[in-house]
Amino acid sequence: MSAKINLSETALALARSESEKLLAEVAGVTTVVVATVDGFDVASAIKGGADAARIAALASSIAAISTVVSEEAELGQGKSVIIDTESGFAIVHSVRRTDAELVINVIAKNSAILGEVAYRTAQFARLLKAA
């Protein structure tokens with residue numbers, strides 16, 4: 001963790017355990033990073049050499065841009081963004097808690113099933129919001 005945040009120990013423990021669980025259980029997922037909305041790494045699970053702090057910073061920027069786009073388009077409060085590439089995809093999902101705003105970033109290879117990763121990421125967000 002790079003910065004002190006106002007998040008309960010229960011929520012921190014859940015962020016850590018669910019990050020590991022998502023990485024282990026969903027084929028093709030290579031990186032799971034939970035970050036504060038201002039870009040600090042809270043919890044992460046990574047296969048390979050990805051930099052959790054850098055991913056946290058990028059995910060917070062993407063979440064901020066999606067908020068502006070959804071507001072300008074009058075679509076309501078944004079929840080998630082999918083970035084699809086030729087090698088895989090990333091899902092950035094916002095988690096609005098009473099004590100902290102968080103962003104879950106999941107990166108997967110193109111062998112992963114987008115619907116499964118999106119579903120599990122949304123499920124993780126609901127659990128983290130409620131913790």
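The lining of the largest pocket divides into three nonpolar, four polar and four charged residues. This pocket, found in a predicted model, has a volume of about 180 Å³. Its lining is made up of Gln-77, Gly-78, Lys-79, His-93, Ser-94, Val-95, Arg-96, Ala-122, Ala-125, Arg-126 and Lys-129. At least two lining residues come from each of E4 and H3. As a reminder of how such spaces are found, rolling a probe the size of a water molecule over the atoms shows where empty space is left.

Buried positions in H3 are Val-117, Arg-120, Thr-121, Ala-122, Phe-124, Ala-125 and Leu-128. In an α-helix there are 3.6 residues a turn, so residues three or four places apart point the same way. The buried residues of H3 pack against H1, strand E1 (29-36), strand E4 (88-96) and strand E5 (101-109). Two of the buried residues, Ala-122 and Ala-125, also belong to the pocket lining.

What, then, lies at the centre of the packing? In soluble globular proteins, nonpolar side chains tend to be buried together. Here the largest nonpolar core has 28 residues, and those with the most contacts inside it are Leu-7, Val-29, Val-34, Leu-102, Ile-104, Val-117 and Leu-128. Contributions of at least two residues each come from H1, E1, strand E2 (41-46), E4, E5 and H3. H1 provides the largest share of this core, with six residues. Another core, of five residues, lies apart from it and includes Val-33, Ala-35, Ile-55 and Ala-56. Beyond its neighbours within four places in sequence, Leu-128 is in contact with Ala-11, Leu-14, Ala-15, Val-34, Val-95, Arg-97, Leu-102 and Ile-104.

Two further residues round out the picture. Lys-21 sits in helix H1 (residues 9-25) and is partly exposed, with a relative accessible area of 36%. The C-alpha atom of Lys-21 is separated by 8.7 Å from that of Ala-45, a residue 24 places away along the chain. Glu-74 is found in the loop between helix H2 (52-72) and strand E3 (80-84). Most residues other than glycine have a negative phi, whereas phi of Glu-74 is positive, near 55 degrees. With a relative accessibility of 72%, over the 50% cut-off, Glu-74 counts as exposed.

Terms used: Residues are numbered from 1 along each chain as its sequence is written. This is a predicted model: local features need pLDDT of at least 70, side-chain atom pairs count only at pLDDT 80 or more; totals for chains, interfaces and linings use all residues. Side-chain values use heavy atoms; hydrogens and water are left out. Helices (H or I, at least four residues) and strands (E, at least two) are DSSP runs, numbered from the N terminus. Buried means under 20% relative accessible area, exposed over 50%, partly exposed in between (1.4 Å probe, protein chains only). Contact means heavy atoms within 4.5 Å. On a 1 Å grid over the protein atoms alone, a cavity is a set of points where a 1.4 Å probe fits but cannot get out, and a pocket is an open set with protein on both sides within 12 Å along at least five of seven lines; lining residues have an atom within 4 Å of a point. Grid points are joined across faces, edges and corners, and a volume is the space filled by probe spheres set on the points. Ala, Val, Leu, Ile, Met, Phe, Trp, Tyr, Cys and Pro count as nonpolar, Asp, Glu, Lys and Arg as charged, and the others, Gly among them, as polar. A nonpolar core is a set of buried Ala, Val, Leu, Ile, Met, Phe, Trp, Tyr and Cys residues joined through side-chain atoms within 4.5 Å.
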